[in-house]
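Let's take a friendly walk through one model together. Have the sequence and the 3D view ready.

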Amino acid sequence: MSEDGHEQNGHENVPSRQRRRFPGISSRTYEHPADRSALVALRKLSGFDTVFKALSGLLPERSLRLLFLSDSVRVSEAQFSHLNDMLRDACYILDLEKVPPMYVTQDPQPNAMCIGLDEPIIVVTTGLVELLDEEEMRAVVGHEVGHALSGHAVYRTILLFLTNLALRVAWIPLGNLAIMAIVTALREWFRKSELSADRAGLLVGQDLQASMRGLMKIAGGNHLHEMNVDAFLEQAEEYDAGGDLRDSVLKILNVLPRTHPFAVVRAAELKKWAATRDYQRIMDGHYPRRSEDKDTSVSDSFRESASSYASDVKQSKDPLMKLVSDLAGGAGDLGGRVRRGFAGFTSSAPDDAPPREGDPEDGRPDDSV
(Lines give C-alpha, C1' and ligand atoms only; values in the text may rest on other atoms or scores of the structure.)
Protein backbone atom coordinates (compact mmCIF):
# COMPACT_ATOMS: atom_id res chain seq x y z
CA MET A 1 0.00 0.00 0.00
CA SER A 2 1.29 3.46 -0.82
CA GLU A 3 1.69 6.23 1.74
CA ASP A 4 -1.59 7.84 0.63
CA GLY A 5 -3.61 4.84 1.78
CA HIS A 6 -4.46 3.31 -1.61
CA GLU A 7 -5.09 -0.39 -1.93
CA GLN A 8 -2.21 -2.83 -2.04
CA ASN A 9 -1.93 -6.51 -0.96
CA GLY A 10 -5.68 -6.69 -0.41
CA HIS A 11 -5.89 -3.94 2.23
CA GLU A 12 -8.16 -0.99 1.54
CA ASN A 13 -8.79 2.25 3.38
CA VAL A 14 -5.92 1.75 5.79
CA PRO A 15 -5.21 5.11 7.43
CA SER A 16 -2.06 6.83 6.26
CA ARG A 17 0.21 7.13 9.29
CA GLN A 18 3.80 8.02 9.98
CA ARG A 19 4.62 4.54 11.19
CA ARG A 20 7.16 2.13 9.86
CA ARG A 21 5.86 -0.95 8.07
CA PHE A 22 7.57 -4.36 8.21
CA PRO A 23 7.04 -6.20 4.90
CA GLY A 24 7.35 -9.99 5.18
CA ILE A 25 8.20 -9.82 8.88
CA SER A 26 8.51 -13.15 10.64
CA SER A 27 6.90 -13.50 14.05
CA ARG A 28 10.30 -14.73 15.22
CA THR A 29 11.32 -11.07 15.15
CA TYR A 30 9.37 -10.19 18.27
CA GLU A 31 8.83 -13.55 19.97
CA HIS A 32 10.27 -14.06 23.42
CA PRO A 33 13.02 -16.76 23.20
CA ALA A 34 11.02 -19.25 25.32
CA ASP A 35 7.94 -18.68 23.15
CA ARG A 36 9.95 -18.87 19.93
CA SER A 37 11.67 -22.16 20.77
CA ALA A 38 8.34 -23.88 21.44
CA LEU A 39 6.77 -22.51 18.27
CA VAL A 40 9.75 -23.41 16.07
CA ALA A 41 9.67 -26.97 17.39
CA LEU A 42 5.92 -27.30 16.84
CA ARG A 43 6.12 -25.89 13.32
CA LYS A 44 8.79 -28.45 12.45
CA LEU A 45 6.52 -31.36 13.41
CA SER A 46 5.26 -33.04 10.28
CA GLY A 47 1.48 -32.96 10.09
CA PHE A 48 1.17 -30.77 13.18
CA ASP A 49 -1.37 -28.41 11.62
CA THR A 50 -3.44 -31.33 10.30
CA VAL A 51 -3.61 -32.97 13.73
CA PHE A 52 -4.69 -29.81 15.49
CA LYS A 53 -7.26 -28.94 12.87
CA ALA A 54 -8.65 -32.44 13.23
CA LEU A 55 -9.20 -31.60 16.89
CA SER A 56 -11.47 -28.73 15.91
CA GLY A 57 -14.40 -31.13 15.93
CA LEU A 58 -13.72 -31.82 19.62
CA LEU A 59 -13.13 -28.21 20.60
CA PRO A 60 -15.83 -25.60 21.08
CA GLU A 61 -14.47 -23.38 18.30
CA ARG A 62 -17.61 -23.41 16.14
CA SER A 63 -19.69 -22.74 19.23
CA LEU A 64 -17.49 -19.77 20.15
CA ARG A 65 -17.71 -18.30 16.65
CA LEU A 66 -21.49 -18.60 16.63
CA LEU A 67 -21.68 -17.15 20.13
CA PHE A 68 -19.70 -14.04 19.23
CA LEU A 69 -21.54 -13.66 15.93
CA SER A 70 -24.92 -13.83 17.66
CA ASP A 71 -24.23 -12.01 20.92
CA SER A 72 -21.44 -9.50 20.17
CA VAL A 73 -20.83 -6.68 17.69
CA ARG A 74 -18.61 -7.45 14.71
CA VAL A 75 -16.13 -4.68 13.96
CA SER A 76 -16.45 -3.27 10.44
CA GLU A 77 -16.64 0.02 8.55
CA ALA A 78 -20.24 0.29 9.79
CA GLN A 79 -19.63 -0.74 13.43
CA PHE A 80 -16.79 0.46 15.67
CA SER A 81 -15.15 1.93 12.58
CA HIS A 82 -12.24 3.36 14.58
CA LEU A 83 -11.37 -0.17 15.76
CA ASN A 84 -11.73 -1.40 12.19
CA ASP A 85 -9.19 1.20 11.07
CA MET A 86 -6.79 0.16 13.84
CA LEU A 87 -7.17 -3.52 12.96
CA ARG A 88 -6.47 -2.98 9.27
CA ASP A 89 -3.60 -0.67 10.13
CA ALA A 90 -2.06 -3.30 12.44
CA CYS A 91 -2.38 -6.01 9.78
CA TYR A 92 -0.78 -3.67 7.25
CA ILE A 93 2.17 -2.83 9.50
CA LEU A 94 2.86 -6.50 10.38
CA ASP A 95 2.05 -7.59 6.82
CA LEU A 96 -0.70 -10.01 7.86
CA GLU A 97 -2.48 -10.57 4.55
CA LYS A 98 -5.84 -11.81 5.87
CA VAL A 99 -7.49 -9.47 8.36
CA PRO A 100 -9.01 -11.61 11.17
CA PRO A 101 -12.63 -10.96 12.24
CA MET A 102 -12.89 -8.82 15.36
CA TYR A 103 -15.76 -8.60 17.85
CA VAL A 104 -16.67 -6.29 20.71
CA THR A 105 -18.45 -8.12 23.52
CA GLN A 106 -20.31 -6.61 26.47
CA ASP A 107 -18.16 -7.19 29.54
CA PRO A 108 -17.05 -4.58 32.08
CA GLN A 109 -13.81 -6.51 32.69
CA PRO A 110 -11.03 -5.08 30.45
CA ASN A 111 -9.87 -7.99 28.33
CA ALA A 112 -8.93 -9.08 24.82
CA MET A 113 -8.12 -12.43 23.26
CA CYS A 114 -7.24 -14.12 19.99
CA ILE A 115 -8.59 -17.65 19.57
CA GLY A 116 -9.36 -20.15 16.84
CA LEU A 117 -7.89 -23.21 15.10
CA ASP A 118 -8.78 -22.80 11.44
CA GLU A 119 -8.86 -18.99 11.46
CA PRO A 120 -8.08 -16.66 14.36
CA ILE A 121 -10.73 -14.28 15.69
CA ILE A 122 -10.06 -11.30 17.94
CA VAL A 123 -12.41 -10.37 20.77
CA VAL A 124 -12.22 -7.21 22.90
CA THR A 125 -14.51 -6.30 25.76
CA THR A 126 -16.43 -3.06 26.20
CA GLY A 127 -14.53 -2.56 29.44
CA LEU A 128 -11.26 -2.38 27.50
CA VAL A 129 -12.66 -0.15 24.74
CA GLU A 130 -13.96 2.32 27.33
CA LEU A 131 -10.75 2.23 29.38
CA LEU A 132 -8.10 2.98 26.75
CA ASP A 133 -7.47 5.98 24.53
CA GLU A 134 -6.76 5.63 20.80
CA GLU A 135 -3.00 5.06 20.98
CA GLU A 136 -3.29 2.69 23.95
CA MET A 137 -5.96 0.72 22.11
CA ARG A 138 -3.80 0.61 19.00
CA ALA A 139 -1.10 -1.20 21.00
CA VAL A 140 -3.70 -3.72 22.23
CA VAL A 141 -4.98 -4.38 18.70
CA GLY A 142 -1.36 -4.83 17.56
CA HIS A 143 -0.86 -7.21 20.49
CA GLU A 144 -3.76 -9.40 19.29
CA VAL A 145 -2.62 -9.26 15.64
CA GLY A 146 0.79 -10.38 16.91
CA HIS A 147 -0.91 -13.41 18.48
CA ALA A 148 -2.56 -14.16 15.12
CA LEU A 149 0.70 -13.84 13.18
CA SER A 150 2.53 -16.14 15.63
CA GLY A 151 -0.20 -18.77 15.54
CA HIS A 152 -0.85 -18.39 19.27
CA ALA A 153 -4.61 -18.60 18.71
CA VAL A 154 -4.33 -22.37 18.12
CA TYR A 155 -2.63 -23.05 21.45
CA ARG A 156 -4.84 -20.64 23.35
CA THR A 157 -7.90 -22.54 22.11
CA ILE A 158 -6.31 -25.82 23.20
CA LEU A 159 -5.57 -24.29 26.61
CA LEU A 160 -9.19 -23.15 27.03
CA PHE A 161 -10.40 -26.62 26.11
CA LEU A 162 -8.01 -28.42 28.49
CA THR A 163 -8.82 -26.04 31.34
CA ASN A 164 -12.53 -26.75 30.91
CA LEU A 165 -11.80 -30.48 30.62
CA ALA A 166 -9.79 -30.43 33.85
CA LEU A 167 -12.80 -28.99 35.66
CA ARG A 168 -15.05 -31.73 34.28
CA VAL A 169 -12.77 -34.61 35.30
CA ALA A 170 -11.72 -33.13 38.63
CA TRP A 171 -13.32 -36.13 40.34
CA ILE A 172 -10.81 -38.46 38.61
CA PRO A 173 -7.57 -37.98 40.61
CA LEU A 174 -5.01 -39.25 38.11
CA GLY A 175 -6.86 -37.95 35.05
CA ASN A 176 -7.13 -34.47 36.51
CA LEU A 177 -3.47 -34.54 37.60
CA ALA A 178 -2.28 -35.41 34.10
CA ILE A 179 -4.39 -32.71 32.45
CA MET A 180 -3.37 -30.07 34.98
CA ALA A 181 0.30 -30.89 34.36
CA ILE A 182 -0.26 -30.09 30.67
CA VAL A 183 -2.28 -26.99 31.53
CA THR A 184 0.48 -25.74 33.86
CA ALA A 185 3.10 -26.17 31.12
CA LEU A 186 0.85 -24.44 28.58
CA ARG A 187 0.28 -21.54 30.97
CA GLU A 188 4.01 -21.08 31.45
CA TRP A 189 4.46 -20.98 27.67
CA PHE A 190 1.47 -18.70 27.26
CA ARG A 191 2.79 -16.18 29.77
CA LYS A 192 5.89 -15.91 27.59
CA SER A 193 3.70 -15.59 24.48
CA GLU A 194 2.03 -12.58 26.10
CA LEU A 195 5.44 -10.90 26.34
CA SER A 196 5.88 -11.63 22.63
CA ALA A 197 2.52 -10.08 21.79
CA ASP A 198 3.33 -6.99 23.88
CA ARG A 199 6.36 -6.52 21.63
CA ALA A 200 4.17 -6.89 18.55
CA GLY A 201 1.85 -4.23 20.00
CA LEU A 202 4.81 -1.87 20.34
CA LEU A 203 5.88 -2.55 16.74
CA VAL A 204 2.36 -1.62 15.61
CA GLY A 205 1.77 1.40 17.84
CA GLN A 206 5.41 2.53 17.85
CA ASP A 207 4.66 4.52 20.99
CA LEU A 208 6.27 3.06 24.14
CA GLN A 209 4.54 5.51 26.47
CA ALA A 210 1.11 4.50 25.10
CA SER A 211 1.95 0.84 25.69
CA MET A 212 3.06 1.65 29.25
CA ARG A 213 -0.10 3.67 29.93
CA GLY A 214 -2.29 0.85 28.67
CA LEU A 215 -0.70 -1.70 31.00
CA MET A 216 -0.90 0.76 33.87
CA LYS A 217 -4.62 1.35 33.24
CA ILE A 218 -5.28 -2.38 33.10
CA ALA A 219 -3.72 -2.59 36.57
CA GLY A 220 -5.18 0.57 38.12
CA GLY A 221 -8.17 1.68 36.07
CA ASN A 222 -9.00 4.92 34.32
CA HIS A 223 -7.38 7.31 36.78
CA LEU A 224 -4.37 8.29 34.72
CA HIS A 225 -4.01 11.65 36.48
CA GLU A 226 -3.46 9.71 39.71
CA MET A 227 -0.78 7.40 38.27
CA ASN A 228 2.80 7.72 37.08
CA VAL A 229 4.63 5.41 34.67
CA ASP A 230 7.99 5.74 36.43
CA ALA A 231 6.44 4.94 39.80
CA PHE A 232 4.61 2.01 38.21
CA LEU A 233 7.89 0.63 36.89
CA GLU A 234 9.44 1.07 40.35
CA GLN A 235 6.81 -1.40 41.57
CA ALA A 236 8.27 -3.96 39.17
CA GLU A 237 11.71 -3.41 40.71
CA GLU A 238 10.29 -3.82 44.20
CA TYR A 239 8.35 -6.92 43.16
CA ASP A 240 11.47 -8.50 41.69
CA ALA A 241 13.84 -7.68 44.54
CA GLY A 242 11.67 -7.53 47.63
CA GLY A 243 11.29 -10.03 50.45
CA ASP A 244 13.00 -13.32 51.17
CA LEU A 245 12.67 -16.91 49.95
CA ARG A 246 9.14 -17.08 51.36
CA ASP A 247 8.11 -14.26 49.02
CA SER A 248 9.81 -16.01 46.10
CA VAL A 249 7.71 -19.11 46.69
CA LEU A 250 4.54 -17.03 47.04
CA LYS A 251 5.31 -15.30 43.73
CA ILE A 252 5.52 -18.69 42.02
CA LEU A 253 2.27 -19.86 43.60
CA ASN A 254 0.52 -16.61 42.65
CA VAL A 255 1.54 -16.79 39.00
CA LEU A 256 0.95 -20.52 38.37
CA PRO A 257 -2.82 -20.27 37.72
CA ARG A 258 -2.45 -17.22 35.46
CA THR A 259 -2.20 -17.16 31.67
CA HIS A 260 -0.79 -13.60 31.72
CA PRO A 261 2.22 -12.19 33.56
CA PHE A 262 1.46 -9.46 36.08
CA ALA A 263 0.99 -5.99 34.58
CA VAL A 264 4.05 -4.44 36.26
CA VAL A 265 6.21 -7.32 35.02
CA ARG A 266 4.90 -6.88 31.46
CA ALA A 267 5.61 -3.15 31.55
CA ALA A 268 9.17 -3.68 32.81
CA GLU A 269 9.86 -6.42 30.24
CA LEU A 270 8.55 -4.29 27.37
CA LYS A 271 10.57 -1.24 28.38
CA LYS A 272 13.70 -3.41 28.68
CA TRP A 273 13.14 -4.85 25.18
CA ALA A 274 12.50 -1.40 23.69
CA ALA A 275 15.93 -0.31 24.93
CA THR A 276 17.78 -3.17 23.20
CA ARG A 277 19.76 -3.00 19.99
CA ASP A 278 17.52 -5.75 18.60
CA TYR A 279 14.52 -3.42 18.76
CA GLN A 280 16.44 -0.60 17.11
CA ARG A 281 17.56 -2.93 14.31
CA ILE A 282 13.94 -3.94 13.70
CA MET A 283 12.91 -0.29 13.48
CA ASP A 284 15.78 0.24 11.01
CA GLY A 285 14.37 -2.52 8.80
CA HIS A 286 16.68 -5.38 9.78
CA TYR A 287 14.59 -8.35 10.91
CA PRO A 288 13.93 -12.03 10.04
CA ARG A 289 11.60 -12.65 7.09
CA ARG A 290 8.78 -15.17 6.90
CA SER A 291 10.43 -16.66 3.84
CA GLU A 292 13.31 -17.79 6.09
CA ASP A 293 11.13 -19.52 8.70
CA LYS A 294 11.55 -22.95 7.13
CA ASP A 295 15.32 -22.73 7.60
CA THR A 296 15.20 -22.02 11.33
CA SER A 297 16.97 -24.48 13.61
CA VAL A 298 15.11 -26.09 16.53
CA SER A 299 18.35 -26.65 18.45
CA ASP A 300 19.44 -23.03 17.96
CA SER A 301 16.05 -21.84 19.18
CA PHE A 302 16.25 -24.00 22.31
CA ARG A 303 19.77 -22.74 22.98
CA GLU A 304 18.49 -19.16 22.75
CA SER A 305 15.65 -20.02 25.11
CA ALA A 306 18.01 -21.62 27.64
CA SER A 307 20.35 -18.66 27.37
CA SER A 308 17.43 -16.28 27.95
CA TYR A 309 16.31 -18.12 31.08
CA ALA A 310 19.90 -18.22 32.37
CA SER A 311 20.26 -14.49 31.75
CA ASP A 312 16.97 -13.78 33.54
CA VAL A 313 18.12 -15.79 36.56
CA LYS A 314 21.50 -14.06 36.62
CA GLN A 315 20.04 -10.55 36.33
CA SER A 316 17.08 -11.11 38.66
CA LYS A 317 17.15 -9.61 42.15
CA ASP A 318 14.60 -12.12 43.40
CA PRO A 319 16.00 -13.95 46.48
CA LEU A 320 15.35 -17.42 45.06
CA MET A 321 16.82 -16.53 41.67
CA LYS A 322 19.88 -15.01 43.35
CA LEU A 323 20.31 -18.22 45.35
CA VAL A 324 20.08 -20.31 42.18
CA SER A 325 22.54 -18.02 40.39
CA ASP A 326 25.02 -18.07 43.28
CA LEU A 327 24.86 -21.85 43.57
CA ALA A 328 25.40 -22.19 39.83
CA GLY A 329 28.44 -19.96 40.28
CA GLY A 330 29.83 -22.19 43.01
CA ALA A 331 28.69 -20.38 46.17
CA GLY A 332 28.45 -22.66 49.19
CA ASP A 333 26.56 -22.92 52.48
CA LEU A 334 23.27 -23.95 50.84
CA GLY A 335 21.75 -25.12 54.12
CA GLY A 336 22.54 -21.90 55.96
CA ARG A 337 21.27 -19.68 53.17
CA VAL A 338 18.01 -21.55 52.78
CA ARG A 339 17.55 -21.59 56.56
CA ARG A 340 17.94 -17.82 56.75
CA GLY A 341 15.76 -17.29 53.68
CA PHE A 342 12.86 -19.12 55.32
CA ALA A 343 13.57 -17.76 58.80
CA GLY A 344 10.00 -16.56 59.28
CA PHE A 345 8.50 -20.02 58.68
CA THR A 346 10.12 -21.57 61.76
CA SER A 347 10.72 -20.43 65.28
CA SER A 348 13.96 -18.51 65.61
CA ALA A 349 16.85 -19.65 67.75
CA PRO A 350 16.87 -18.54 71.41
CA ASP A 351 18.41 -15.14 72.06
CA ASP A 352 21.20 -16.68 74.10
CA ALA A 353 22.06 -19.32 71.50
CA PRO A 354 25.65 -19.04 70.22
CA PRO A 355 25.95 -17.68 66.68
CA ARG A 356 26.39 -20.26 63.95
CA GLU A 357 29.50 -20.20 61.81
CA GLY A 358 29.01 -17.74 59.00
CA ASP A 359 26.22 -15.79 60.76
CA PRO A 360 26.57 -11.97 60.80
CA GLU A 361 27.03 -12.05 64.58
CA ASP A 362 30.35 -13.89 64.32
CA GLY A 363 31.92 -10.97 62.50
CA ARG A 364 31.93 -12.55 59.04
CA PRO A 365 30.19 -11.00 56.01
CA ASP A 366 26.48 -11.66 55.71
CA ASP A 367 25.83 -13.68 52.55
CA SER A 368 22.07 -14.02 53.07
CA VAL A 369 19.92 -13.70 49.97
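## Basis

This is a predicted model, in which local features need pLDDT of at least 70, side-chain atom pairs count only at pLDDT 80 or more, and totals for chains, interfaces and linings use all residues. Residues are numbered from 1 along each chain as its sequence is written, and side-chain values use heavy atoms, leaving out hydrogens and water.

## The sheet and its helix

Helices (H or I, at least four residues) and strands (E, at least two) are DSSP runs, numbered from the N terminus. An open sheet of four strands runs in the order β1-β2-β4-β3, with mixed pairing; two strands pair if DSSP finds at least two bridges between them. At its edges lie β1 (73-74) and β3 (112-115), each pairing on one side only.

Two antiparallel bridges join β1 to β2 (residues 102-105), and V73 has V104 in β2 as its bridge partner. Helix α6 (residues 134-150) packs on the sheet, touching β2, β3 and β4 (121-125). Contact means heavy atoms within 4.5 Å.

## Around M86

M86 sits in helix α4 (residues 81-93). Its relative accessibility is 3%, so M86 counts as buried (under 20% relative accessible area, with a 1.4 Å probe and protein chains only).

Not counting residues up to four places away in sequence, M86 touches E134, M137, R138 and V141. M86 and M137 are 51 residues apart in sequence, yet their C-alpha atoms are 8.3 Å apart in space.

## Helix α12

Buried residues of α12 include A263, V264, R266, L270 and W273.

Technical notes:
Buried < 20%, exposed > 50% of the residue type's maximum accessible area, 1.4 Å probe, protein only. Axes fitted to C-alpha atoms, helices over the stretch in contact; angles between N-to-C directions.
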